[in-house]
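Let's take a walk through this structure together, one stop at a time. Have the 3D view open and follow along.

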Amino acid sequence: MRSARAAFASIVWGCALLAGSPHALGLDLPHENAVPGGVKILRLKSSATSMPYVDTDGHRALVIQDGATWVAVIGIPLAAPLGLRQVTVRDPNGAQELEFAVGDKQYTSQSLKVAPGQVDLSAADLARVNREKIRIEHALSHWTEPPPESLRLPPPVPGPRSSSFGSRRVFNGQSRNPHSGMDIAAATGTAVLAPIAGTVVDTGAYFFNGNTVFIDHGRGLISMYCHLSAVDVKPGERVAAGTRIGAVGMTGRATGPHLHWGLSLNRAWVDPELFLP
Ligand SMILES: [Zn+2]
């Protein structure tokens, strides 16, 4: 399994080299896949000694240093249109517009059956969901200066992983938002571990996501853990890689016990698969 993955990684890496994509040696960058829900890696031409500010769609992008140069790791929203996408790079020498191509990715469709009240919401539940949206946006908009300790994140729980990120969701015959994370099947009570270090920015019980933990890993990379049966951390708490943050469950809208693992980069949900070691 491990060797198969290593072989796959070397194929992907080889393709990136053949395609002439920018790559950073010595940095554990995610796999690049410039599609909706994917990641674009841009090597900046800025020679500034201070970190350039990279703006994508009105949000600040993650920028890390590689020797004397800077590399932007840009999350592409699932709703991004195909074609050229602009970013603005600002450093003490001025502003520069860059663009890159967003390619197509065919995501599948998934039909799921849940309790009717989880699809056709009562007025009270709808009001609750709208309040929660604001709170989730607030958690995802956190920015802390130190960079993530790694951009390769081991799965927070062992178990079979769905590749349903981005799939269109049809609940009880009604179309809903695409699936914005990775589902990992595991028994209720299985420990959920922080994949890399970070600060817990929020915890709570949400209508759809159930018991949830948000962790800020730095420079706009925020991870989210949903449907938990237990939450073992508090907002403001610093966690190291491997810290138990909670346990798998099926709270909220879930058809069985599993972990929903979301990764947000510059406020865009990106495919956690691209960040696996
Ligand atoms: Zn999910």
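**A guided tour**

Start with two strands, β6 (residues 83-91) and β7 (residues 94-102), which run antiparallel to each other and pair over nine bridges. Keep in mind that this is a predicted model. To see the pairing for yourself, find Gln86 and look across to β7, where Glu99 stands opposite.

Next, head for the metal. Which residues coordinate the zinc ion? They are His179, through NE2, Asp183, through OD, and His260, through ND1, at 2.0 to 2.1 Å. Along the sequence, these donor residues follow the spacing H-x3-D-x76-H. As for His179 and Asp183, buried or exposed? Both His179 and Asp183 are buried.

The largest pocket holds about 1200 Å³. It is lined by 41 residues, and the closest to its centre are Asn177, Pro178, Ser180, Phe208 and Asn209. Several elements give two or more residues to that lining: β8 (109-112), α2 (123-140), β9 (168-171), β15 (221-228), β19 (258-265) and β20 (268-270). Which of them gives the most? That would be α2, with eight residues in the lining of the largest pocket.

What sort of residues make up this lining, by class? There are 20 nonpolar residues, along with 13 polar and eight charged ones.

Notes. Residues are numbered from 1 along each chain as its sequence is written. This is a predicted model: local features need pLDDT of at least 70, side-chain atom pairs count only at pLDDT 80 or more; totals for chains, interfaces and linings use all residues. Side-chain values use heavy atoms; hydrogens and water are left out. Donors are N, O and S atoms within 2.8 Å of the metal (3.2 Å for Na, K and Ca); water is not among the atoms, so sites may look incomplete. Buried means under 20% relative accessible area, exposed over 50%, partly exposed in between (1.4 Å probe, protein chains only). Two strands pair if DSSP finds at least two bridges between them. Helices (H or I, at least four residues) and strands (E, at least two) are DSSP runs, numbered from the N terminus. On a 1 Å grid over the protein atoms alone, a cavity is a set of points where a 1.4 Å probe fits but cannot get out, and a pocket is an open set with protein on both sides within 12 Å along at least five of seven lines; lining residues have an atom within 4 Å of a point. Grid points are joined across faces, edges and corners, and a volume is the space filled by probe spheres set on the points. Ala, Val, Leu, Ile, Met, Phe, Trp, Tyr, Cys and Pro count as nonpolar, Asp, Glu, Lys and Arg as charged, and the others, Gly among them, as polar.
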